[in-house]
Amino acid sequence: MTEARRHSVAASLQAVRARIDAACEASGRDRADVRLVAVSKFHDAAAVRAAYDAGQRAFGENYVQELCAKSAALADCSGIEWHVIGHLQRNKARDVVARAAMVHTVDSARLASALDRQCAEQGRALPVLVQVNVAGESQKSGCAPHELSAVLDACAGLANVRVRGLMTVPPERDEAAESLRYFEMLASLRDAHGGPSALPELSMGMTHDLEYAVRAGATLLRVGTAIFGARSPHSPASPR
Ligand SMILES: *Cc1c(COP(=O)(O)O)cnc(C)c1O
């Protein structure tokens, strides 16, 4: 990685932080309640390290293979946190539990129990979020809003998996403002299931719509492109 590329990651990160500051200011949110998860999928370990050196600690990965490779390459980075933000298969639970600080994409009782069993074997607790497909898109991961109660109930019976909140990926739209209603739907679902004391985290908002997410109450923003630049056009870059 060139020095210029390292500088560009640091500068982009700074610009994203400024956007978050401004969004918090505009919506009267406490800046300390909003954390940035830098989404590093398809970007190499050197790019992650550049962001780490610029003070970023939480990184989001969609694919377990990339998570394993980058967490190994960056094992010397103390305090680094890996967030799993992609659709997860149960047979990957072992690798995830060994590495992740948080899993944002629990969408079934079966996945939650697979993670819980691995936690028991590895002797740790795992904070998770339940992913909700608020718009009911057929291609998208996440439980349906009407399934949320059942997933939360199932998780409540697990010893090691701790549900900390909800996550969503809204439909792709040209207008960022169109994301707002989906973010508000997630916030309403949270209110219908115990409110902020039961589910303190809302993971929502990406590069183009983070301001609307902050407005609707996001506590975890998942931002990739604005920090690391465009992903390879050959890669399946769209979140599901
Ligand atoms: C890739 C991805 C992001 C980041 O999207 P950007 O538009 O690059 O900021 C956020 N969330 C999920 C689930 C993703 O897959």
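**Exercise 1. What is the mean pLDDT of the protein chain, and what percentage of its residues reach 70 or more?**

*Solution.* Start with the kind of model: this one is predicted. The chain has a mean pLDDT of 96, with 97% of its residues at 70 or more. Now go element by element: helix H1 (residues 3-27) has the lowest mean pLDDT, 97, while strand E7 (residues 201-203) has the highest, 99.

**Exercise 2. Classify the aromatic pair formed by phenylalanine 59 and tryptophan 82, and say which parts of the chain the pair ties together.**

*Solution.* First, take the distance: the ring centres lie 5.9 Å apart, and the cut-off for a pair is 6.5 Å. Next, take the angle: the planes make 40 degrees. Stacked needs under 30 and edge-to-face over 60, so the label is tilted. Then place the residues: phenylalanine 59 belongs to strand E2 (residues 58-61) and tryptophan 82 to strand E3 (residues 81-84), so the pair links parts 23 residues apart in sequence. Finally, check accessibility: phenylalanine 59 and tryptophan 82 are both buried. By the same rule, the count is two aromatic pairs.

**Exercise 3. Describe the surroundings of phenylalanine 59 and its place in the largest nonpolar core.**

*Solution.* Begin with the contacts: leaving out residues up to four places away in sequence, phenylalanine 59 touches Val37, Tyr52, Trp82 and Phe228, among others. Then turn to the core: the largest one has 67 residues, and Phe59 is among those with the most contacts inside it, along with Val96 and Leu115. A second, separate core of seven residues includes Val37 and Ala58.

**Exercise 4. Find what lies over the face of tyrosine 52.**

*Solution.* Look above the ring: arginine 57 lies there, 3.7 Å from the ring centre.

Terms used: Residues numbered from 1 in each chain as written. Predicted model: local features only at pLDDT ≥ 70, side-chain atom pairs only at ≥ 80, totals over all residues. Heavy atoms only, no water. Phe/Tyr/Trp six-rings, centres within 6.5 Å; stacked < 30°, edge-to-face > 60°. Helix = DSSP H or I, 4+ residues; strand = E, 2+ residues; numbered from the N terminus. Buried < 20%, exposed > 50% of the residue type's maximum accessible area, 1.4 Å probe, protein only. Lys NZ or Arg CZ within 6 Å of the ring centre and 35° of its normal. pLDDT = per-residue confidence, 0-100. Core = buried A, V, L, I, M, F, W, Y, C linked by side-chain atoms within 4.5 Å. Contact = heavy atoms within 4.5 Å.
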